[in-house]
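Please look over the sequence and the structure below before reading the report that follows.

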Amino acid sequence: MNTAIEQRKKRTPLMEVLFRLKKSPLAMAGLLVVILLVVVALFANVLAPYSYSKQHLTHMFEGPSKNFLLGTDEFGRDILSRLIYGARISLMVGFIAVSIALLAGGVLGAISGYYGGWIDNAIMRVMDVLLSIPQTLLAIAIAASLGPGLFNLMIAVGVSSMPQYARIVRSSVLSIRGMEFIEAAHAVGSSDMRIIFKHILPNSMAPIIVQATLGVAFAILNAAGLSFIGLGIQPPYPEWGAMLSGGRQYIRDYPHLTLYPGLAIMITILALNFLGDGLRDALDPKLKR
Amino acid sequence: MKPTAKNDRIPAPEERLLLEIRDLVIHYETDDGTVHAVENLDLRLRRGETLGFVGETGAGKTTTALGIMRLIPSPPGVIKSGKILFEGEDLLEKSEAEMRAIRGDKIAMIFQDPMTSLNPVMTMGKQIAEVVRLHRKVSEKEALAIAGDMLELVGIPRERIHEYPHQFSGGMKQRVVIAIALVCDPSLLIADEPTTALDVTIQAQVLNLMKKLKQQFSASMILITHDMGIVADICDTVAIMYAGRVVEYADKASLFTCPVHPYTVGLFDSVPDLEDDKEELNVIPGLMPDPMDLPQGCTFHPRCRFAVETCRLEKPAMKEVAPGHFVACPVRAKMLREHPEQNAGNEGEN
């Protein structure tokens, strides 16, 4: 038999998606940047030329130079090193906050969509109440009541975006629940939980993956915003939003203090958005051949 | 077959009985009113037998099948009353956990559309193995080995065990569905129009496969269909269903040679004849009644050319007109008793 056909037949759904993702250069660029950021975050202590808190008091407000590639801030700390360590925080907050939102919202949405009736009503009305509050305001309220700190920041960002995930998961579950293979799964004696987790959720992953990818970008932005107003990461630990807020008062004379963290946020968000859009196309069942 | 006379329910030679449904009533209670999907249905199935379940769309065939599985979507579906005796035990009194243990193990179901009845993101092998693991204490590896055997049994090469449903054709998918249904060696197989979604050549293949495997696994089968040709091909007994009730129940030979109920006669009349050159087909006038608003008395009387005054008032009971042949139409039964020559012409073929 033709080996090319053999190859195509052997492809798992995941490989199929990667194959289609490769056709979109923007998405691949996004994926590359995200992978790069993850590597940088993981190996921050190896890659960073200085410690994030080391103050070079004779080199305050210096522009980019050979010793300090992106210049120094108001305490003479190396901006590049702080950005590299900041990637750790930003990505961690982004991924963990989305995981919290996805887990909580996903379980609630799945139960809601699968069982329907009053359970659905009760859960979704609570979600509606949360949705009716502007998300940033909600995150600020949660962060303010929990107090500043990394973990609280993740919870604040996660919980405030939970209703969106609940809605998306619920609607996917609703559309899959009525299909015949779910009835068939009942007919062979599968339990409800088994049906939800083995049959329904794997079939409703596409919109969830897309929303989660875009959600990471939003969570990073949201966390930066919270740090900017002082509710997130506390100094001296570097977080891109906190760096932005710290450099704000010197923006007229030393714009590089805000420029680089701003660029870092922008590039990350852009990369995640490209990746999310690419995934949306790659996972669209209508494009399946 | 030993008929016991003077009983208006279907009598039962108990020893070989696998399934007996008594007076089953299933309603769908919607906001607009109650849909009488199944009304006072009686049915029985002996071990090893294939029962053809024939009727129009909406007659309640699938609802009855789902009722046996206890899979009526609820709400709005409610099993109002009745008994479903399977191997002597009433399925309606089982707990949900007990039912889960029965489904897929002792009673298996084949669904209408193979395109949608397989999980698109699971490999064929895993889908078969899942059922094995639900009902037998075996390891994942052993279950997959059994799945491979089943695939070969239904005529699919074992190598394709790791492929996904979208890589299979419709007929092959239905073979896999059959494999899933048979993997735990069920005593009852319910096939809900298993070939409707397939084209004619594949239909024949799938039916032959089912016939062969049913025998091999010595299972009983309820075959839901509206194709009299399929009934003639593989069924032993036939139940004709109309508006939620069984109106005629007989072994295949006597039903085909001597249909008694006016509805059954109408069904046979509407089958086009190859040798008869006609412009129009014979049809039964009228439509099936709205199941939310069934007519009083016999549900078929508004369309029946034999209807008399009592049909409008009394629900006809099942009466035995010949050994093993039951009909819910006293008028025709009486006509037949008084003028047996009417159907005598056909009897020779029996």
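How much area do chain B and chain A bury between them?

## The interface

In this predicted model, chain B and chain A bury about 2,000 Å² between them, 58% of it on carbon and sulfur atoms, where buried area is the accessible area (1.4 Å probe) that two parts lose on being put together, summed over both. Arg100(B), Phe111(B) and Glu130(B) supply 24% of the area that chain B buries against chain A, more than any other three residues.

Counted by contact (heavy atoms within 4.5 Å), 27 residues of chain B touch 21 residues of chain A.

## The fold of chain B

Chain B has 12 helices and 12 strands, taken as DSSP runs (H or I, at least four residues, for helices; E, at least two, for strands). Of its 350 residues, 53% count as buried, that is, under 20% relative accessible area with a 1.4 Å probe and protein chains only. Among contacts in chain B between residues at least 6 apart in sequence, 66% join residues at least 24 apart.

## Charges

Chain B carries 39 positive and 52 negative side chains, and the centres of the two sets lie 6 Å apart; Lys and Arg count as positive and Asp and Glu as negative, while His and the chain ends are not counted, and each charge is placed at NZ of Lys, CZ of Arg, CG of Asp or CD of Glu.

## Conventions

Residues are numbered from 1 along each chain as its sequence is written, and chains are lettered from A in the order in which they are written. Local features need pLDDT of at least 70 and side-chain atom pairs 80 or more, while totals for chains, interfaces and linings use all residues, and side-chain values use heavy atoms, without hydrogens and water.

Key: Buried means under 20% relative accessible area, exposed over 50%, partly exposed in between (1.4 Å probe, protein chains only).
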